[in-house]
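Please examine the sequence and the three-dimensional structure shown here. A report on selected features comes after them.

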Amino acid sequence: MIPQPFIDELIDRTDIVEVVGARVALKKAGARYKGLCPFHDEKTPSFTVSPDKGFYHCFGCQAGGNAIGFLMEHDNMSFPEAVDDLAAMLGIEVPTQRGDTDRGETQRLHDVLGEADRIYRRALRNHPAAIDYLKARGLDGETAKRFAIGYAPDAWDTLVGAPGRSESRTRLLVKAGLAIENDAGRCYDRFRGRVMFPIRDRLGKVIGFGGRVLDAGEPKYMNSPETPVFHKGRTLYGVYEARQRPGRHDEIVIVEGYLDVVSLAQHGIEPVVATLGTATSSEHARQLTQRYKRVVFCFDGDRAGRAAAWQALETALPYAGGEVELVFLLLPEGEDPDSLVRSQGADVFRDLLSNATPLSDFFIAGLREQVDVGSADGRSKIVALARPLLERVKARVYRELLTAELARVVGLPAERLGGLLDNPPQRPSRPQQPLHRKSTLMRKTITLALHYPSVAGSVDGIDGFDDVHLPGASLLRRILEVAREQPEVTPGHLIERFREDEEGRHLNRLLAETPLDDENAAPDVLRDSLLRLVREQRRKDAVKALRKRTLSGPVDEISEG
Ligand SMILES: [Zn+2]
């Protein structure tokens with residue numbers, strides 16, 4: 001644990017131009033510096049560094065953050081490594097924090113998750129049936145230990161009733177997704193009678209669990225729900241274990257189940273990670289392509305697996321090309337990675353991996369499957385299907401190669417097809433606008449609070465604001481909370497507070513935006529915005545209530561303005 005005040009100071013004292021400039025050629029342009037973005041392929045600079053804000057931002061790919069974030073992204077450093085690095089540049093020593101002062105909720109959640117992890121691992125030793133199950137799956141003790149596999153006994157209160165229980169601890173168990181509260185207000189363990197796979201973040205902290213039943217019970221697999229510290233769209237099972245492997249690895253395999261990960265790892269096929277019962281997210285693709293040169297997406301050969309593979313392709317397209325090779329491996333029908341590596345052995349599996357289908361082939365084959373390319377209609381449809389996908393490819397050369405491949409399929413000269421694709425009727429002026437502009441008012445309000453935290457901290461609470469559930473409301477509430485508690489907090493500090501946060505990722509982008517109002521106007525504008533958000537929520541609630549009462553009818557036509 002590194003004390004927050006130290007991190008704040010580190011951000012304040014670090015010259016971000018020096019940090020970024022050592023890795024990217026920068027030119028001064030007004031108050032900012034500009035350069036070619038190191039995170040995406042570009043010919044004209046859209047990457048900027050703002051020394052006064054201690055912040056970098058790319059208008060092309062939306063990468064952004066402070067000096068710590070830059071080192072983590074660019075040099076693949078862990079958070080403590082990046083902090084060490086900056087501290088070394090400044091010639092100061094990183095203090096360590098012990099004891100229980102200022103332990104936020106995140107820390108307390110990590111604590112109960114860590115405690116659960118220890119309880120589950122201890123329980124595994126005392127439950128021969130669970131050990132037998134793992135043995136029957138072919139797992140050895142060493143692998144089980146490496147992945148910290150445990151067991152949740154078939155009881156309602158293994159965690160809830162553990163020594164040291166208290167009301168507040170039970171609340172934390174619920175919040176950490178480890179316990180469930182029933183309608184009567186009683187709490188009981190979520191995971192019962194399951195082999196437990198702790199899901200760890202890249203620093204090794206337990207953030208959630210996956211559990212598999214021993215017998216034929218349902219559901220077969222169960223994951224922790226989303227919690228303040230566990231976000232499935234950002235997390236991959238096995239990341240920590242993959243990083244613990246010594247040596248440099250250029251290739252990584254991504255599979256669908258934690259048993260697949262553990263089994264492949266035991267057979268020496270590493271690094272390997274898995275999604276957590278969700279589709280491959282853009283964030284997953286970003287993380288993997290940043291660190292590895294070849295990413296193998298490995299899916300079961302059934303229909304669900306094929307659909308998941310195509311979804312992964314669509315998601316990964318923006319990261320294809322350049323130095324990164326993306327390939328797809330669909331296993332034979334009825335096989336998963338675990339069953340295949342156990343029946344065929346590691347060498348066969350490695351062969352399959354090295355002969356996996358390149359993204360370009362998979363892309364064309366997938367499109368061909370959806371239409372009849374023998375007909376003119378089919379060929380025209382394939383172009384329509386391909387257009388939005390090709391637009392997602394950021395690496396220009398790669399996009400041209402894919403276009404050329406497609407041209408061969410539809411029987412058009414590549415330039416002609418390229419021309420057709422490049423001139424769609426309405427082309428967005430900017431390549432990407434990833435943040436949904438659902439509530440521009442919310443967006444403006446967060447931007448304002450982020451830029452002027454001292455103002456945000458001084459604005460009084462607004463009646464009814466706690467009931468606002470519009471997208472972004474909880475993020476805004478937490479920013480206001482931090483700003484109230486720490487009047488001296490700066491935008492750079494705030495970014496750091498929300499680093500591990502799903503919603504907080506948007507802050508980087510919002511910080512790159514210029515608020516419409518200056519600091520003098522900010523208090524009034526902020527107060528007014530909060531009031532308007534409350535009104536917006538009430539209007540929504542009213543419409544919803546109305547909709548319920550009328551059962552059917554053109555409620556959508558009721559003006560919300
Ligand atoms: Zn970029």
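The structure is a predicted model, in which local features need pLDDT of at least 70 and side-chain atom pairs count only at pLDDT 80 or more, while totals for chains, interfaces and linings use all residues. Residues are numbered from 1 along each chain as its sequence is written. Helices (H or I, at least four residues) and strands (E, at least two) are DSSP runs, numbered from the N terminus.

## Sheets

Two strands are said to pair if DSSP finds at least two bridges between them. Y33 has V49 in β3 as its bridge partner.

Another open sheet is made by four strands in the order β6-β9-β10-β11, and its pairing is antiparallel. From one strand to the next, the twist averages 35°.

Strand β9 (residues 194–200) pairs with β10 in the antiparallel sense over seven bridges. Across this pairing, P198 stands opposite F209 in β10, and I199 stands opposite G208 in β10. The two strands form a hairpin with five residues between them, and in the turn G204 has a positive phi of about 100°. On the pairing with β11 (residues 221–223), β10 contributes to three antiparallel bridges, and G210 stands opposite N223 in β11.

How many of the residues of β10 are buried? Strand β10 (residues 206–213) is mostly covered, with six of its eight residues buried. A residue is buried if 20 or more other C-beta atoms lie within 10 Å of its own, exposed if 12 or fewer, and partly exposed in between; C-beta atoms are placed from the backbone. Helix α5 (residues 105–125) lies across β6, β9 and β10, and runs at about 95° to β6.

## Helix packing

Two packed helices are described by the angle between their axes and the distance between the axes. The axes are lines fitted to C-alpha atoms, for helices over the stretch in contact, and angles run from 0 to 180 degrees between N-to-C directions.

| Helix pair | Angle | Axis distance |
|---|---|---|
| α1 (residues 4–13) and α4 (residues 79–90) | about 55° | 10 Å |
| α19 (residues 440–451) and α21 (residues 473–485) | roughly 20° | within 10 Å |

The angle between α1 and α4 makes α1 oblique to α4. Angles under 35 degrees count as roughly parallel, over 145 as roughly antiparallel, 65 to 115 as roughly perpendicular and the rest as oblique. The crossing of α1 and α4 is left-handed, a term used if the near helix is turned anticlockwise from the far one by less than a right angle. I7, L10 and R13 of α1 meet V83, L86, A87 and L90 of α4, where contact requires C-beta atoms, placed from the backbone, to lie within 7 Å. This contact of α1 with α4 has six nonpolar, no polar and one charged residues. Ala, Val, Leu, Ile, Met, Phe, Trp, Tyr, Cys and Pro count as nonpolar, Asp, Glu, Lys and Arg as charged, and the others, Gly among them, as polar.

By their crossing angle, α19 and α21 are roughly parallel to each other. Their crossing is left-handed. On α19 the contact involves M442, T445, I446, A449 and L450, and on α21 it involves A473, L475, L476, I479, L480 and A483. By class, the contact of α19 with α21 has 10 nonpolar, one polar and no charged residues.

## Local backbone features

The peptide bond from E218 to P219 is cis, with omega near -15°, and P219 lies in the loop between β10 and β11. A cis peptide bond also joins E270 and P271, with omega about -5°. P271 is found in the loop between α10 (258–266) and β13 (272–274).

Q62, a residue other than glycine, has a positive phi near 70°. Q62 is located in the loop between β4 (55–58) and β5, and counts as buried with 20 C-beta neighbours inside 10 Å. A148, also a residue other than glycine, has a positive phi near 55°. A148 lies in the loop between α7 (141–146) and β6 and counts as partly exposed, with 19 C-beta neighbours inside 10 Å.

Methods:
Contact = placed C-beta atoms within 7 Å.
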